[in-house]
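Q: I have a chain open here and want to go through it. Can we start with the overall layout and then look at some details?

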Amino acid sequence: MAKAAQKTDQQADKFLQKLVTVRRTTSVTKGGRELSFSALVVAGNPEEGVVGFGLGKSKEVPLAIQKATEQARRDMVKINLKGHTIQHEMIARHGASRVFMKPASEGTGVIAGNAMRAIFEVVGVENILAKSIGSSNPINVVRATIKGLRTMATPESVAKKRGKKVDAILEGDGNHDS
């Protein structure tokens, strides 16, 4: 029994999880008010550069958090990082939420809002400048951030797409074909 508990603790230790938000909803029925809770959790592994998010709903907060955590661990996405920052600057959107992300130099830290900061911390990004534009709904901000990180291009993929060598892409020699 103790060994099984240790194994699950070790598996849980490699994943970081952050509770982004808990929302309370009320439905009024004939018998009175019924409370329900929804929790948004972000989980990831900074060593592997994977991240996922989950939304759990329940009549109790701990159950909602547990459901959200399980969903976040199921839906992991691999992110291609450049050291401890992102490859290039980008704008991503989901619904009315737009997020702007820009790589930062070493020592800058994570400059971002609450929902985006949680994602960057669990995926292993240590230096980034980010801004949420438009709707500040945490669910849409998280979805937009993960969408942007997932679509981030690596120098290798850009070189392959353009039919050039990686050095030519990284160099940025200024020769633009019109």
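**Chain layout and details**

A: Read along the sequence, the pattern is α-β-β-β-α-β-β-β-β-α-β-α-α-α. This is a predicted model.

Q: How many helices and strands does the secondary structure of the chain come to?
A: Six helices and eight strands.

Q: And what share of the residues counts as buried?
A: Of the 178 residues in the chain, 36% are buried.

Q: What about contacts between residues 24 or more positions apart?
A: Taking contacts with a separation of 6 or more, 55% are between residues 24 or more positions apart.

Q: Let's go to α3 and α4. At what angle do they pack?
A: The angle is about 40°, and the axes are 8 Å apart. Helix α3 covers residues 114-123 and helix α4 covers residues 138-150.

Q: Why call α3 and α4 oblique?
A: Angles under 35 degrees count as roughly parallel and 65 to 115 as roughly perpendicular. The angle here is about 40°, so α3 and α4 are oblique to each other.

Q: Is the crossing left-handed or right-handed?
A: Right-handed, where α3 passes α4.

Q: Which residues meet there?
A: From α3, Ala115, Met116, Ile119 and Phe120. On the α4 side they meet Pro138, Val141, Val142, Thr145, Ile146 and Leu149.

Q: Staying with α3, is it mostly covered or mostly open?
A: Mostly covered: seven of the 10 residues in α3 are buried.

Q: Which ones are buried in α3?
A: Ala115, Met116, Ala118, Ile119, Phe120, Val122 and Val123. Of these, Ala115, Met116, Ile119 and Phe120 also meet α4.

Q: What comes just after α3?
A: Gly124, with a positive phi of about 105°.

Q: Buried or exposed?
A: Buried. The relative accessible area of Thr69 is 11%, and the cut-off for buried is under 20%.

Q: What does the side chain of Thr69 reach?
A: The backbone oxygen of Ile65, at 2.8 Å.

Q: And which residues is Thr69 in contact with, leaving aside neighbours within four places in sequence?
A: Gln17 and Val41.

Note on methods
Residues numbered from 1 in each chain as written. Predicted model: local features only at pLDDT ≥ 70, side-chain atom pairs only at ≥ 80, totals over all residues. Heavy atoms only, no water. Buried < 20%, exposed > 50% of the residue type's maximum accessible area, 1.4 Å probe, protein only. Polar contact = N/O pair within 3.5 Å; in protein donor to acceptor, adjacent residues only side chain to side chain. Contact = heavy atoms within 4.5 Å. Axes fitted to C-alpha atoms, helices over the stretch in contact; angles between N-to-C directions. Helix = DSSP H or I, 4+ residues; strand = E, 2+ residues; numbered from the N terminus. Parallel < 35°, antiparallel > 145°, perpendicular 65-115°, else oblique. Left-handed = near helix turned anticlockwise from the far one by under 90°.
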